[in-house]
Amino acid sequence: MTSIKTVGVAGSGTMGAGIAIVAARAGFRTLVYDTKADALSRARKQTEGFFAKSVERGKLTRQQVDSVLAGLSGTTDIEALAACDIVIEAVFEDLKVKHALLAELNRVCPPHTIFASNTSTLSITEIAAGSGRDERCVGMHFCLPAQLMKLVEMSPGLRTSAETFETAWQFCQAMGQVPVKTKDNPGFILNYFLIPFNNDAIRLVEAGVAEPADIDRAIKTGLGYPMGPLELLDLVGLDTHLLVAEALYAATHEPRAAVPPLVKRMIAAGRLGRKTGAGFYPYSGSAMFGG
C-alpha cells in the first residue's frame, strides 16, 4: 500500500513520457511538466499511439485506456506540481539543470512531496544537495524503454531518510515495477556495465568491423538480448548517450566509458536516433517504442 496518490514527472522526453505511462497505467493521477508546450503535445501524441497499440494487441481495453488517459495531463506551469506527492525529474544529465529545477520545485511543492531523480550516472547526494530537502530526495532510475522495462534502480543519498526511501520503494512496487537497491555510485548497476558495452559496439562500427545490423544481430542471437546495443542507442538518443557517458567517465576515468569520436560526428550531422529519423538506422515517423 502506498501513500502516494498524485505523481509529477518533470520532463516529457523519451524517459519522462515513458515514466508517465507507467504511473498513469498503474492508476495514479499523473501530471507531466515541461517548459515547452510542443514537447508536451508530442509526448501526448506518442502516448496515445502507444496505448492504441496496447488495445490492438489485447493488452488493454479501450475503456481502460480512456481511464488512464483521463488521469494523465500535461502542463507548462510548474506551480501545478504543488498537487503532487512525488515528483520524478527526468531532465538532462546536467547537475546545474537538475539543481535549478529542484530549487523551483522546493519553492512550489509542500513539505511532504518527495523528489525522485531518474539520473543514471550523477550522484543522488549531489543532486539532493541543491533541492532544499535532501532528506526527501531519492534516486529512481527507470530503464529504457520505461513503459516496457520493469527494473528501477533505487538509490538513497547520504541524507535520504529511511521513511522517504521506504515510501518511494512502495510506490515503485505499486506501479508494478521491480525495484533493486543500489549504492549512490557512478552508473549504479546497469549503466556501470552498459555504457562501456555500448561504447564498444560504437567502436566496432567506427573501425569498420561490422555493420550496425550485424553487430546487433550477433548480440541478440549470441547473448539472448531482446535489443541490440545500437538499436538501444538509437532509442536512447546519441545526445543523451553523450551526456551520460561523459558523466560516467568524469566520475570514474574508466577508458571504456569515454565517448568514441563517431558519436560527436553523428550528433553534428543531426543523426541522434529515432527522434531525428536517423541514427545507426533510418526511421520513419516518431511513434513510441512498444505498446
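The chain has 11 helices and eight strands. The model shown is predicted.

**View 1. The whole chain and its dimensions.** Along its principal axes, the C-alpha trace spans about 55 × 45 × 35 Å. The chain counts 291 residues, and its radius of gyration is 19 Å.

**View 2. Two domains along one chain.** Domain 1 covers residues 6-181. Domain 2 covers residues 190-276. Their centres, taken over C-alpha atoms, lie 25 Å apart.

**View 3. The area buried between the domains.** The size of an interface is often given as the accessible area lost when the parts come together. Here, domain 1 and domain 2 bury about 890 Å² between them. Carbon and sulfur atoms give 72% of that area. Which three residues supply more than any other three of the area that domain 1 buries against domain 2? They are E93, T121 and L144, with 46%.

**View 4. Residues that meet across the boundary.** Domain 1 brings 12 residues into contact with 10 residues of domain 2. How many salt bridges are there between domain 1 and domain 2? The count is zero. Polar contact does occur between the domains, in two residue pairs. By class, the side of domain 1 that touches domain 2 has six nonpolar residues. Four polar and two charged residues complete that side.

Note on methods:
Residues are numbered from 1 along each chain as its sequence is written. This is a predicted model: local features need pLDDT of at least 70, side-chain atom pairs count only at pLDDT 80 or more; totals for chains, interfaces and linings use all residues. Side-chain values use heavy atoms; hydrogens and water are left out. Domain bounds come from an automatic or database domain assignment. Contact means heavy atoms within 4.5 Å. Buried area is the accessible area (1.4 Å probe) that two parts lose on being put together, summed over both. A salt bridge is a side-chain nitrogen of Lys or Arg within 4 Å of a carboxyl oxygen of Asp or Glu. A polar contact is a pair of N or O atoms within 3.5 Å; within protein, one must be able to donate a hydrogen and the other to accept it, and residues adjacent in sequence count only if both atoms are side-chain atoms. Ala, Val, Leu, Ile, Met, Phe, Trp, Tyr, Cys and Pro count as nonpolar, Asp, Glu, Lys and Arg as charged, and the others, Gly among them, as polar. Helices (H or I, at least four residues) and strands (E, at least two) are DSSP runs, numbered from the N terminus. The radius of gyration is taken over C-alpha atoms; the globule rule is 2.2 Å times the number of residues to the power 0.38.
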